[in-house]
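Try each task by eye before reading the solution.

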Amino acid sequence: MTINKSLVLLALQIVFFVNACEATGTSLVAKQGTNVVPTAVIQRDNPTNINPTQTLNVFAAASLTDAFMTIGIGFEATHPGVKVNFNFAGSQILRTQLEQGAVADIVAFADQKNMDASIADNLVAADEYQDFATNSMTIILPPGNPGTVSNIKDLARPGLKLVVADASVPAGEYARQVLTNLSKDPANGPDFNSKVMANLVSNETDVRQVVTKVELGEADAGIVYASDAIAAQELITIPIPDQFNVVAHYPIAILSHSPNRNLASAFVEYVASPSGQAIMSEWGFTPVHKP
Amino acid sequence: MKPHRLFARNRNHDMPGWEFILPSLALMSLIGLPILALVWRSVNIDILSFAISESAVNALKLSLITSTISVLISLITGTPLAYIQAHWKFRGRAFIDLLVDLPVVLPPSVAGIALLMAFGRQGTIGAWLDSFGISIPFTTTAVVMAQVFVSAPFLVRSARIGFAAIDLQLEEAAKVEGASNWHVFRHIMLPLAARALVTGVILCWTRALGEFGATLLFAGNLEGKTQTMPLAIYVGFEQGLGIALVLSLILLAVSLILLTLVRSLESHG
């Protein structure tokens with residue numbers, strides 16, 4: 001009798017815990033929480049206005065995390081009473097969230113594909129977006145270089161552990177493009193791409209996870225945005241020559257359903273302004289409007 | 001309709017009022033509606049073509065293999081541990097109880113980071129293993145380790161309750177007859193706790209099948225090697241709903257079957 005009762009209780013507990021665990025793992029909300037510096041950091045009390053009256057919700061690609069956090073602080077400082085909330089995630093995740101009804105004022109993607117899809121879904125008006133920065137890819141190595149990688153060709157050495165982002169996120173697609181381009185370099189050889197892909201040990205779900213795995217020294221090398229390498233300074237970088245590199249365009253747009261259109265357009269203007277562009281450049285992006 | 005009509009078969013002839021029923025309905029809808037919606041949305045898509053896609057099959061295979069290995073490891077190591085916990089009083093038992101229960105309440109992401117800190121290439125033990133050329137992260141072994149970490153406690157808890165419920169007089173009688181500890185365990189305790197053990201195995205298996213957070217952090221995500229079903233669902237979700245929905249349906253069905261099994265085990269006998 002007691003055993004039955006206890007087991008039923010246990011089963012109930014377990015059903016609860018399994019669900020709880022699942023939630024931390026797979027839900028979008030948790031995803032936002034794990035990869036993002038807490039928004040509280042940038043929701044600082046504004047010195048000129050103790051009670052913020054307006055909140056601006058910005059959805060931005062994971063690779064923009066550091067740059068946009070700084071831009072948020074700058075925007076709040078020049079717009080008293082405004083609070084900027086960020087949701088950083090892979091561009092694909094952001095778009096899905098918006099498609100499923102998430103309300104935000106601004107979205108900034110790491111590629112054109114997601115912007116085009118957002119326009120097709122009427123999330124963004126066709127003429128309402130602009131590129132504000134570009135980014136390129138770079139190779140990163142952990143501190144101490146455990147895989148003794150000294151040049152690009154070494155990525156093809158058997159047994160090396162390489163991590164890139166999953167092909168479903170822009171950073172993963174760009175990394176694959178770069179590897180295809182590098183195969184055209186006679187110095188690397190035509191089988192370079194397939195040799196490197198054989199060294200792939202993980203397709204991380206966003207580019208920041210790639211940085212973390214390399215920072216921890218779990219992988220010997222990773223391919224990430226040049227801006228990510230700036231954000232993690234203890235990493236060793238091997239630059240990818242321009243002729244084999246990609247130019248990742250970052251489009252920003254005000255969402256059609258934005259509840260604060262005026263404030264949103266002020267934010268977009270700030271990003272395109274000399275001070276906004278200077279911040280982008282500081283974090284390793286190439287500004288579109290030269291500051 | 002009045003509540004007593006709905007609950008007319010309650011043998012105490014005592015019915016819950018609306019103040020009990022309404023909040024319960026609210027919670028049940030919160031859990032039930034998303035599940036229904038998941039099934040509903042999957043009706044329109046070409047389930048079969050997604051289900052037999054290579055990445056879905058690979059994920060399914062890997063999930064089945066790793067979770068089965070995890071359950072076997074949990075059973076072999078967890079049963080003796082549960083027996084010790086249920087059977088002997090000693091200093092530090094409270095600590096063992098706490099340690100074993102910890103993964104149940106710990107977020108899986110914490111488990112993943114903890115595993116990396118210990119068994120990562122620069123981890124406490126991982127660095128030492130690395131000097132022998134053994135590297136655990138990004139391998140199927142890492143998937144199994146993550147699963148055992150989060151799921152074994154479910155088996156241990158269940159087994160512990162099973163062992164603790166056995167009448168001590170049985171053991172004393174056996175000892176008088178000259179049975180050793182092993183004999184008592186093998187021929188008396190195991191058969192009597194069998195149902196609790198089976199329940200534990202099923203719950204452990206369900207949890208191992210669903211493991212996501214620790215796997216992603218510790219084992220990474222590579223098709224055929226470390227990409228289990230929950231990871232394939234997550235990545236699939238980024239690529240388009242189809243494959244994510246189909247894999248979710250499969251996991252939902254498996255979970256329902258396993259939970260039903262647990263319930264029937266509990267109600268019979």
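This is a predicted model: local features need pLDDT of at least 70, side-chain atom pairs count only at pLDDT 80 or more; totals for chains, interfaces and linings use all residues.

Residues are numbered from 1 along each chain as its sequence is written, while chains are lettered from A and ligands numbered from 1 in the order in which they are written.

**Exercise 1. Find the two domains of chain A and describe the side of domain 1 that touches domain 2.**

Step 1: check the spacing. Taken over C-alpha atoms, the centres of the two domains of chain A are 28 Å apart.

Step 2: look at who touches whom. On the domain 1 side of chain A there are 15 residues in contact with 15 residues of domain 2, where contact means that C-beta atoms, placed from the backbone, lie within 7 Å. Helix H3 (65-78) and helix H4 (91-99) of chain A each bring at least two residues to that side of domain 1, and H3(A) has the largest share with 3 residues. Helices here are DSSP runs (H or I, at least four residues) and strands are DSSP runs too (E, at least two), numbered from the N terminus.

Step 3: sort by class. The domain 1 side splits into 6 nonpolar, 7 polar and 2 charged residues. For the classes, Ala, Val, Leu, Ile, Met, Phe, Trp, Tyr, Cys and Pro count as nonpolar, Asp, Glu, Lys and Arg as charged, and the others, Gly among them, as polar.

**Exercise 2. Work out the strand order of the open sheet of 5 strands in chain A.**

Step 1: read across. The order is E7-E6-E8-E5-E9 (chain A), with mixed pairing; two strands pair if DSSP finds at least two bridges between them. In general, such strands pair through backbone hydrogen bonds, either parallel or antiparallel.

Step 2: find the edges. Strand E7 (200-204) and strand E9 (236-239) of chain A each pair on one side only.

Step 3: assign the senses. E6 (162-165) and E8 (221-225) of chain A run parallel over 2 bridges, with Leu162(A) partnered by Ala221(A) in E8(A). E5(A) pairs with E8(A) in the antiparallel sense over 4 bridges, and Ile140(A) has Gly222(A) as its bridge partner. E5(A) also pairs with E9(A), antiparallel over 4 bridges, and there Leu141(A) stands opposite Ile236(A).

**Exercise 3. Is E5(A) enclosed or open, and which helices touch it?**

Step 1: count. 5 of the 5 residues of E5(A) are buried, so the strand is largely enclosed by the rest of the structure. Buried means 20 or more other C-beta atoms within 10 Å of a residue's own, exposed means 12 or fewer, and partly exposed is in between, with C-beta atoms placed from the backbone.

Step 2: Helix H6 (170-182) of chain A touches E5, E6, E7 and E8 and makes about 125 degrees with E6(A). Helix H8 (207-215) of chain A lies across E5, E6, E7 and E8, at about 145 degrees to E8(A). Axes are lines fitted to C-alpha atoms, for helices over the stretch in contact, and angles run from 0 to 180 degrees between N-to-C directions.

**Exercise 4. Locate the largest nonpolar core.**

Step 1: A nonpolar core is a set of buried Ala, Val, Leu, Ile, Met, Phe, Trp, Tyr and Cys residues joined through C-beta atoms within 7 Å.

Step 2: see who contributes. Helix H8 (140-164) of chain B gives the largest share, 15 residues. Both domains of chain A also give residues to this core, so it lies between them.

Methods
Domain bounds come from an automatic or database domain assignment. Two residues are in contact if their C-beta atoms, placed from the backbone, lie within 7 Å.
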